[in-house]
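Keep the viewer open and follow along.

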Amino acid sequence: MDAAQGLMRVLGGKGLRRGEGAEGMLRDLLCLSVFGGTVELHKVVLYNETVKTRGRARPSASVDETLEVHDTQALPPGLEADLCALVARCFPGELSVQGGYYYDTRPDRVVTVRRGGVLAGFRTITFREVLLGGRTVKVAGLGIAVAPEHQRQGLGTRLTQRALALLAEHGVELALAFLIGRSAEKLLRASGFSRLTAPVTYLARDDGRLVTESMPAYGLALGASALLEEIEGRGGLHLGVGTW
């Protein structure tokens, strides 16, 4: 049995965490070598607890953390540039948002979170009224970006909770989000969103052609309505001109 296999057997599969790679293995092997060639049971237990504690560690929320809502028609000086810069960092290879902080339609609101005065993440909100079964439904499109160094620390949850509270204040009936990547899926599901299987369509701004959204769509019906079931039953949702 080689060193790596031995380490994993001794630690019960807990020694290596995702992202640590060779550096984590060397650190773990060094720790075991300090214990000596024959590892006593109580030392194994002690080391297991050390590894589990290290795995659970998450940076605590900064005491200097501020959450704000902005009207995008009156953004504070410099904020739009900060939003664009953050999107460029979060989605470096995504040409559809290159040079901006939204895809197609300028949002109406943006919820921002700052840590130490520096923008750490934001959620965009785009209000729209769409027709469904002959009536008008108030819909809000959501977008999100969180700086890589601040991810997995609860910022996405806090941004989403504040955004949903704002939607309730505005009488929104349906929140809708599209996934550029899979990283936000867990956040949306934890916030009550469900995957829409029915197609979501819109008219392209440049030539008016009918476009079927290719990214996965997740919806949340607000006010305990059955909108998602109705959308599925009607075979889809049409957003009108443009998406977000």
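A nonpolar core here is a set of buried Ala, Val, Leu, Ile, Met, Phe, Trp, Tyr and Cys residues joined through side-chain atoms within 4.5 Å. Bear in mind that what you're looking at is a predicted model.

With that in hand, which residues of the largest nonpolar core touch the most other members? They are Ile-125, Leu-142, Leu-167, Ala-175 and Phe-193, out of 23 residues in that core. Two or more residues each come from β2 (109-115), β3 (118-132), β4, α5, β5 and β9. Helix α5 gives the largest share, six residues. As a general matter, nonpolar side chains tend to be buried together in soluble globular proteins.

Now zoom in on Leu-142. Setting aside neighbours within four places in sequence, its contacts include Ile-125, Leu-167, Ala-175 and Phe-193, along with Arg-123, Thr-124 and Trp-244. Leu-176, Ala-177 and Phe-178 are also in contact with Leu-142.

Next, strand β5, which covers residues 174-178. How many of its five residues are buried? Five of the five, so the strand counts as mostly covered, given that buried means under 20% relative accessible area. Side chains in a regular strand alternate between the two faces of the sheet. In β5, Leu-174, Leu-176 and Phe-178 point one way, while Ala-175 and Ala-177 point the other way.

What does β5 pair with? One partner is β4 (residues 135-146), in the parallel sense and over four bridges; here Ala-175 is the bridge partner of Ala-140. Another is β9 (residues 217-221), this time antiparallel and over five bridges, with Ala-221 as the bridge partner of Leu-174. Helix α5 (residues 155-169) comes back into the story too: together with β4 and β5 it makes a right-handed β-α-β unit.

Finally, let's head for the surface. Asp-206 sits in the loop between β7 (200-203) and β8 (210-212). Is Asp-206 buried or exposed? It's exposed, because its relative accessible area is 64% and the cut-off for exposed is over 50%. The side chain of Asp-206 still has a partner, making a polar contact with the side chain of Arg-209 at 3.2 Å. Gly-242 lies 36 residues away from Asp-206 along the chain, and the C-alpha atoms of the two are separated by 9.2 Å.

Conventions:
Residues numbered from 1 in each chain as written. Predicted model: local features only at pLDDT ≥ 70, side-chain atom pairs only at ≥ 80, totals over all residues. Heavy atoms only, no water. Buried < 20%, exposed > 50% of the residue type's maximum accessible area, 1.4 Å probe, protein only. Pairing = 2+ DSSP bridges. Right-handed = clockwise from strand over helix to strand, strands pointing away. Polar contact = N/O pair within 3.5 Å; in protein donor to acceptor, adjacent residues only side chain to side chain. Contact = heavy atoms within 4.5 Å.
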